[in-house]
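I opened a new entry to go through this fold from the overall layout down to a single residue. My notes follow in the order in which I looked things up.

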Amino acid sequence: MIETTTNWFAACRVEDAVENGGVCVKCGDEQIALFYFTRRNEWYATQNLCPHRKQMALSRGMIGSAGEEPKVACPFHKKTFSLATGECLSGDECALQTYPVKVENGIVYIDPTPKSY
Ligand code: FES
């Protein structure tokens, strides 16, 4: 059963986001990396903390595609993660928390509520 509680918060205006890049959004005590994948017209949000060496760095990572999979590379040791699922694409046993994103009336919203399945 999927629990579908949502808790949207306004992260930024669309024009404040970095095209084909990320920004760090503070939500309470959480740092969330918000990515505007302009080339694909897609938005993604993940934890900003890289699980490899615990660096708050993913919002500064380079984004791209591995086939159809949107990905981000951590700027520290270049480990890559799926922006869609959070899976580590470098073969490590770590993954990112991902968050839903929506855009309404020029405002980007993130739901930071972890989902229960
Ligand atoms: S800290 Fe991110 S890849 Fe090492």
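Predicted model: local features only at pLDDT ≥ 70, side-chain atom pairs only at ≥ 80, totals over all residues.

Entry 1, elements. I read the order from the N terminus as β-β-β-β-β-β-β-β-β-β-β-β. The count came to 12 strands and zero helices.

I checked the radius of gyration of the protein and found 13 Å. A compact globule of 117 residues would have a value near 13 Å, so the two agree. Along the principal axes, the C-alpha atoms fill a box of roughly 35 × 35 × 30 Å.

Of the 117 residues, 39% count as buried. I then took the contacts between residues at least 6 apart in sequence; 45% of these join residues at least 24 apart.

I looked up an open sheet of three strands and wrote down its order as S1-S12-S11, with antiparallel pairing. Strands S1 (9-13) and S11 (101-104) stand at the edges; each has a single partner strand, so one side of each is left without a neighbour in the sheet. From one strand to the next, the twist averages 30°. For background, strands of a sheet pair through backbone hydrogen bonds, either parallel or antiparallel. I followed the pairing of S11 with strand S12 (residues 107-110), which is antiparallel and runs over four bridges. Within this pairing I looked up Val103 and found Val108 of S12 as its bridge partner.

Which strand holds Ser82? I found Ser82 in strand S9, which covers residues 80-82. Is Ser82 buried or exposed? Its relative accessible area is 0%, and the cut-off for buried is under 20%, so I logged Ser82 as buried.

I then listed the polar partners of Ser82. Its side chain makes a polar contact with the side chain of Glu69 at 2.4 Å. A polar atom of the Ser82 side chain also lies 3.0 Å from the backbone nitrogen of Thr85. Leaving out residues up to four places away in sequence, I recorded that Ser82 touches Glu69, Pro70, Lys71, Glu87 and Leu89.

Technical notes
Residues numbered from 1 in each chain as written. Heavy atoms only, no water. Helix = DSSP H or I, 4+ residues; strand = E, 2+ residues; numbered from the N terminus. Buried < 20%, exposed > 50% of the residue type's maximum accessible area, 1.4 Å probe, protein only. Polar contact = N/O pair within 3.5 Å; in protein donor to acceptor, adjacent residues only side chain to side chain. Contact = heavy atoms within 4.5 Å. Pairing = 2+ DSSP bridges. Axes fitted to C-alpha atoms, helices over the stretch in contact; angles between N-to-C directions. Rg over C-alpha atoms; globule rule 2.2 N^0.38 Å.
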